[in-house]
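I opened this model to look up its open and closed spaces. After that I turned to a few helices. My notes follow in the order I took them.

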Amino acid sequence: MSKNEIIQIFQEKFGDQSPEVYTSPGRINLIGEHTDYNGSFVFPGAIDKGMTAAIRLNGTDKVNAYAIDLNENSSFGLNEEDAPSEGWAKYIFGVCREIIKRGGRVKGFDTVFSGDVPLGAGMSSSAALESVFAYALNEMLNLGIDKFELARIGQSTEHNYVGVKCGIMDQFASIFGKKGHLVRLDCKTMEHAYFPFDPKGYKLVLLDTAVKHELASSAYNKRRESCEHAAATIRKNHPEVEFLRDANMDMLDEVKNQISEEDYMRAKYVIEETQRVLDVSDALQQGDYETVGQKMYETHYGMSKLYEVSCEELDFLNDVAKENKVTGSRVMGGGFGGCTINLVKDELHDTFIADAISKFNEKFGHEPKVYEVVISDGARKL
Ligand code: GLA
């Protein structure tokens with residue numbers, strides 16, 4: 001939805017005033033999945049789909065919000081006991097509360113917002129929603145919060161108001177994204193480096209299974225617990241191991257008999273995935289997309305067989321990618337449904353997409369959605 005359309009809806013709702021308009025994107029992730037909360041590396045980029053909000057301070061201590069896409073309203077105060085009942089409004093409320101907890105003085109505002117990040121596709125629509133409000137309120141209220149803290153405000157919103165113990169990747173990408181670049185982020189030190197991403201001769205395309213499996217957030221939190229338990233057990237012998245990122249396979253094998261088979265598999269995946277991100281960084285610097293693609297397939301295997309966050313539909317799309325000689329393909333994001341991300345040679349692109357759509361449709365009775373990826377800027381005022 002364009003800036004003017006959003007402003008018009010704002011004015012219909014709240015009277016003829018001039019709001020500020022901000023936008024914040026969703027993200028893709030080339031590689032490094034379920035590594036962020038293990039203190040390891042991720043490799044995301046912001047995309048040209050996001051959440052856009054028109055906002056105006058209203059001189060009260062109440063927030064009046066209208067979700068255009070859902071045609072739903074919510075009004076709430078800014079105290080902890082004022083939590084709204086609408087699921088989507090909890091994200092906005094959470095952002096306000098997390099700013100207040102950090103000493104920021106949030107004031108009441110009117111807002112309307114709309115987004116085009118597909119929901120449940122693993123492209124971080126929720127981080128886009130958190131980031132647009134964190135970013136806008138910081139600017140409009142001159143709070144002086146730095147960009148890392150803005151990302152953490154979104155992450156804490158997930159932890160404390162949504163119930164997902166997520167890492168920092170999605171909010172970081174939404175705030176720090178840069179057109180034409182992926183960012184490699186070290187989630188332990190927050191050091192990050194931008195990598196120009198323009199794979200000549202290849203396309204990056206997402207295939208959305210359009211399935212979202214129930215209990216994804218509790219399964220996600222359970223994965224995190226397994227990793228923390230494995231890291232804590234290793235730490236008894238190796239005090240320097242703060243996160244699984246600091247461990248290696250020898251250390252994990254030392255404690256194999258002290259942890260469950262499941263925790264072992266989860267930790268093995270994370271240790272291997274950490275190495276894969278580093279390998280992909282090297283390969284990217286050499287323009288070696290064949291290696292990038294091979295690592296993506298390895299990640300898919302790990303996420304499917306060791307981390308167990310794939311599903312039948314995603315594995316099926318991964319197999320179709322292999323059959324079509326696609327360079328790299330894997331489940332993207334948290335998993336349990338959502339998208340595969342595919343790195344495919346230009347000349348194979350059209351036949352791959354046609355084949356994936358028809359085979360998927362034949363097997364599951366509906367077509368996957370196709371999104372071409374455009375790497376774009378992070379949160380900003382329009
Ligand atoms: C979700 C979380 C992220 C990250 C990914 C998996 O998107 O929000 O923090 O853990 O899953 O890589």
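**Largest pocket.** I started with the lining of the largest pocket and found 49 residues there, with Tyr91, Gly120, Ser125, Ser126 and Glu158 nearest its centre. I am working on a predicted model, where local features need pLDDT of at least 70, side-chain atom pairs count only at pLDDT 80 or more, and totals for chains, interfaces and linings use all residues. Residues are numbered from 1 along each chain as its sequence is written, and side-chain values use heavy atoms, with hydrogens and water left out.

I noted the rule for spaces: on a 1 Å grid over the protein atoms alone, a pocket is an open set of points with protein on both sides within 12 Å along at least five of seven lines, a cavity is a set where a 1.4 Å probe fits but cannot get out, and lining residues have an atom within 4 Å of a point. The volume is the space filled by probe spheres set on the points, which are joined across faces, edges and corners.

The largest pocket holds about 1200 Å³ of space. Where does the largest pocket lie? It lies between domain 1 (3-198) and domain 2 (202-372), because both give residues to its lining. I took the domain bounds as they stand, from an automatic or database domain assignment.

Helices H2 (87-101), H3 (125-140), H4 (147-162), H5 (169-176) and H6, along with strand S6 (109-115), each supply at least two lining residues. Helices (H or I, at least four residues) and strands (E, at least two) are DSSP runs, numbered from the N terminus. By class, I read 25 nonpolar, 15 polar and 9 charged residues in this lining. Here Ala, Val, Leu, Ile, Met, Phe, Trp, Tyr, Cys and Pro count as nonpolar, Asp, Glu, Lys and Arg as charged, and the others, Gly among them, as polar.

**Second largest pocket.** I put its volume at about 290 Å³. It is lined by 20 residues, and Thr23, Asp48, Gly50, Thr52 and Arg380 are the closest to its centre. Strands S1 (20-29), S3 (44-57) and S6 each give at least two residues. S3 gives the most, with 6. The lining divides into 5 nonpolar, 8 polar and 7 charged residues.

**Cavity.** I counted 1 cavity of 30 Å³ or more. Which residues line the largest cavity? They are Ile47, Asp48, Lys49, Met123, Leu206, Tyr371, Glu372 and Val373. S3 gives the most to this lining, with 3 residues. S3 and strand S12 (369-372) each supply at least two. By class, 5 are nonpolar, none is polar and 3 are charged. Domain 1 and domain 2 both give residues to this lining, so the cavity lies between them.

**Helices.** I then checked H5. Because 7 of its 8 residues are buried, H5 is largely enclosed by the rest of the structure. Buried means under 20% relative accessible area, exposed over 50%, and partly exposed in between (1.4 Å probe, protein chains only). The buried residues of H5 are Met169, Gln171, Phe172, Ala173, Ser174, Ile175 and Phe176.

Next I picked Asn221, which sits in helix H6 (residues 216-237). Is Asn221 buried or exposed? Asn221 counts as buried because its relative accessibility is 15%. Leaving aside neighbours within four places in sequence, I found Asn221 in contact (heavy atoms within 4.5 Å) with Gly163, Val164 and Lys165.

Last, I looked at helix H8 (residues 261-285). Its 25 residues reach 37 Å from first C-alpha to last, close to the 36 Å expected at 1.5 Å a residue. After H8 comes Gly287, whose phi is positive, near 65 degrees.

Technical notes:
The expected span of a helix is 1.5 Å times one less than its number of residues.
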